[in-house]
Amino acid sequence: MEPGRVIILGAGVAGLSTALPLLRAGRAVVVIDPLGPAGGASFGNTGLLSADTVVPIALPGMLRKVPRWLADPLGPLVVRPTYLPRATPWLARWIRAGRMDHVRAISDAMRALHAPAFDDWRNLLGATSYSEFIRRGGQVQIWDEPGETPGAALERALRARHAIKAELLGADDLRQFFPGIARRVSRGLLIPGNGHMISPPRAVRRLAELFQAGGGIILPERAMKLIPQEGGGWMVMTNTDNHRARQVVVAGGAWSRLLLDPLGIRIPLETERGYHLMLAEPSVVPRLPILYKSGNFGVTPMEEGLRVAGTVEIAGLDAAPDERRAQQLLNQLRCLFPDIQAGAQRLWMGFRPSTPDSLPVLGPVPSHPGLHLCFGHGHFGMTGGPPSGRLVAGAILGDRPPIDMAPYALSRFQ
Ligand SMILES: Cc1cc2nc3c(=O)[nH]c(=O)nc-3n(C[C@H](O)[C@H](O)[C@H](O)COP(=O)(O)OP(=O)(O)OC[C@H]3O[C@@H](n4cnc5c(N)ncnc54)[C@H](O)[C@@H]3O)c2cc1C
């Protein structure tokens, strides 16, 4: 077994963001993924890079909303009733994470992780590819309600805690920003420090190309079991082969639990399934991405066209997609831009890897030497993936962590 060799399971944004710094530090690195680069959630997300977003998903008052989640199969957040018994322990933790004292601590940890996201993307991609894929012109949140909603007030307080800039936009500003936007939209907020990517899959595949060009190896195999070896190190048993290394990183997104459960490592990881509708040749191309807070979805201008994405469906890894959820994103988009026309449409569903506290699980597993974790980025993996990869690679290389890693440690669940 080559002593410095590292095997990384998963070629999404999390796995490749870990693989590249290790390779650049001189390690032999093998990435294993049956779907290849960007075959999971990293393919179809909304592409928002939200370095200045400090608001977790679980917020106070969630318990009140549970009946609604179960009643409307096309609502913005739905729990499939047949999956409810399996999801209940995770949902209970999720609701608990929404307590205000937790929300503040989570917000601080989001800030510490996400603030350098643009720098990390630049370091990973290099200046030329960074400018090809990444736009840092801001994001605009919009509401129908003319006054500040309680949710928006809470978000304002969290932004103030971190001195994050935001600019209020009135109805007239919004018409200027987004010609053709519906009259119902009356309030907006520009977050200038945020941005977006024009093609999440191409950007992640570019990471893979850079990795391979530097001598990294990507194997199209599925890890079936992680087997600790006598004398240290791991054997990864895949569907076709056995691979050995001193160190293994689990970066399998929403599927990561399947590899850890047999080792007795219990992590509350659920999937919040999300959908997108990709519209080619749209007649409306907003100049900045929009987060429609009253409708719970995002609209991002991308090189392929306009991506309308969002919604949360708690239904596990096995249930078939409910394509109506993607289709109805078009009706919702028409509430925003009533006159929009478009060409071909693509429906997509993906698996957000979500912990109850909106924070990923990063770093070593103390009970299993040589095993490292880098998953659980939920709604924020395109933002948090590159900083997480840097931190996990740093831990393997023995670097002193630049931030307190406790909020992301496995031990918080134990
Ligand atoms: C609709 C939607 C919108 C989103 N919008 C945004 C956004 O705007 N901004 C943002 O920051 N984030 C967003 N996200 C979240 C983001 O996409 C994810 O957090 C991120 O892509 C997770 O990356 P990952 O590498 O952990 O997982 P993935 O990209 O899912 O990659 C995991 C990989 O592991 C592989 N794998 C699984 N099991 C095994 C195994 N046994 N052996 C080997 N490999 C395995 C899979 O094949 C897969 O390729 C969104 C997600 C969704 C679904």
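Of the 414 residues of the protein, 57% are buried, that is, under 20% relative accessible area with a 1.4 Å probe and protein chains only. The model is predicted, with local features requiring pLDDT of at least 70 and side-chain atom pairs pLDDT 80 or more, while totals for chains, interfaces and linings use all residues. Residues are numbered from 1 along each chain as its sequence is written, and side-chain values use heavy atoms, without hydrogens and water.

The C-alpha trace spans about 65 × 45 × 40 Å along its principal axes. Among contacts (heavy atoms within 4.5 Å) between residues at least 6 apart in sequence, 76% join residues at least 24 apart.

The secondary structure comprises 13 helices and 21 strands, defined as DSSP runs (helices H or I, at least four residues; strands E, at least two) numbered from the N terminus. The axes of helix H1 (residues 13-24) and helix H13 (residues 381-397) come within 7 Å and cross at roughly 40 degrees; axes are lines fitted to C-alpha atoms over the stretch in contact, with angles from 0 to 180 degrees between N-to-C directions. H1 contributes Val 13, Ser 17, Thr 18, Pro 21 and Leu 22 to the contact, and the residues from H13 include Gly 381, Met 382, Gly 385 and Arg 390.

Methods: Buried < 20%, exposed > 50% of the residue type's maximum accessible area, 1.4 Å probe, protein only.
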